[in-house]
Amino acid sequence: MKQSIARIALVVDDYDKAIEFYTNKLDFLLVEDTDLGDGKRWVVVAPQGSKECSLVLSKADDEKQLASVGNQTGGRVFLFLYTDDFWRDYYKMMERKIKFVRSPEKMPYGMVAVFEDLYGNLWDLLEPVEMQQQQQQQ
């Protein structure tokens, strides 16, 4: 059996504000933006070169969902953005005023720093050890 996680729903308060952040600040691609009627849209963004998983930006429908915006995991790191060049992406994100809440650190699994998206969700920017080893071999 082969299975994979293809999409992760990320609750947002505004489609356009979320699209702007993910495409202009993190350089994600806008994969799809389809009007579903009644103010609903199917909005999918993904990191450039990603083939595994993408985000569905889902606008909060009610107060309960709105309360979850920015805190879908109770304050834990929510998403892991893998990179093939940690320092390139870290410095670019710093220039774009992305807020880092944990400084870069070399860990047994790779180079990592924790940043916030526009809602306060925590992300790891991570260059895994395997990618570092591939870079060294080239």
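This is a predicted model: local features need pLDDT of at least 70, side-chain atom pairs count only at pLDDT 80 or more; totals for chains, interfaces and linings use all residues.
**Entry 1. Helix α1 and the sheet**

I began with helix α1 (residues 15-25), which lies across β1, β2, β3 (40-46) and β4 and runs at about 10 degrees to β3. Residues are numbered from 1 along each chain as its sequence is written, and side-chain values use heavy atoms, with hydrogens and water left out. Helices (H or I, at least four residues) and strands (E, at least two) are DSSP runs numbered from the N terminus. Axes are lines fitted to C-alpha atoms, for helices over the stretch in contact, and angles run from 0 to 180 degrees between N-to-C directions. Contact means heavy atoms within 4.5 Å.

I then looked up the strand order. The open sheet has four strands in the order β1-β4-β3-β2, with mixed pairing (two strands pair if DSSP finds at least two bridges between them). The edges are held by β1 (7-12) and β2 (29-37); each has a single partner strand, so one side of each is left without a neighbour in the sheet. On average, neighbouring strands of this sheet are turned by 25 degrees against each other, direction ignored.

I followed β1 to its partner. Strands β1 and β4 (residues 54-59) run parallel and are joined by six bridges. V11 has S58 in β4 as its bridge partner.

**Entry 2. Helix α3 and its buried side**

Which residues of helix α3 are buried? In α3 (residues 86-95) I found F86, D89, Y90 and M93, where buried means under 20% relative accessible area, exposed over 50% and partly exposed in between (1.4 Å probe, protein chains only). These residues are on the same side of α3, because they cover an arc of only 100 degrees around the axis (the arc is that of the directions from the helix axis to the C-beta atoms). Their cover includes β6 (100-107), β7 (110-116) and β8 (122-128). After α3 comes K97, with a positive phi near 65 degrees.

**Entry 3. Aromatic pairs**

Rings of Phe, Tyr and Trp (its six-membered ring) pair if their centres lie within 6.5 Å; planes under 30 degrees apart count as stacked, over 60 as edge-to-face and the rest as tilted.

W87 and Y90 form an edge-to-face pair, 5.6 Å centre to centre with 85 degrees between the planes. Both residues lie in helix α3, three residues apart, about one turn of the helix. An α-helix has 3.6 residues a turn, so residues three or four places apart point the same way. I noted that W87 is partly exposed, at a relative accessible area of 35%, whereas Y90 is buried at 11%.

The second pair I examined is F100 and F115, which is tilted because the ring centres are 5.7 Å apart and the planes stand at 55 degrees. This pair links distant parts of the chain, F100 in strand β6 and F115 in strand β7, 15 residues apart. Both F100 and F115 are buried. One aromatic cluster is formed by F21, Y22, F28, F86, W87, Y90, Y91, F100, F115 and W123.

**Entry 4. Salt bridges**

I counted ten salt bridges, each a side-chain nitrogen of Lys or Arg within 4 Å of a carboxyl oxygen of Asp or Glu.

D27 is in the loop between α1 and β2 and K92 in helix α3, 65 residues apart. K92 is partly exposed at 28% relative accessibility.

D27 also meets R96 in a salt bridge (2.9 Å, N to O). R96 lies in the loop between α3 and β6, so its pair with D27 ties together parts that are 69 residues apart in sequence. R96 is partly exposed, at 25% relative accessibility.

I recorded a further salt bridge between R88 and D89, with the closest N and O atoms 2.9 Å apart. R88 is partly exposed at 42% relative accessibility; D89 is buried at 13%. Through shared partners, salt bridges join D27, D84, R88, D89, K92 and R96 into one network.

**Entry 5. N121**

Leaving aside neighbours within four places in sequence, I found N121 in contact with L10, G70, N71, Q72, F78, F115 and E116.
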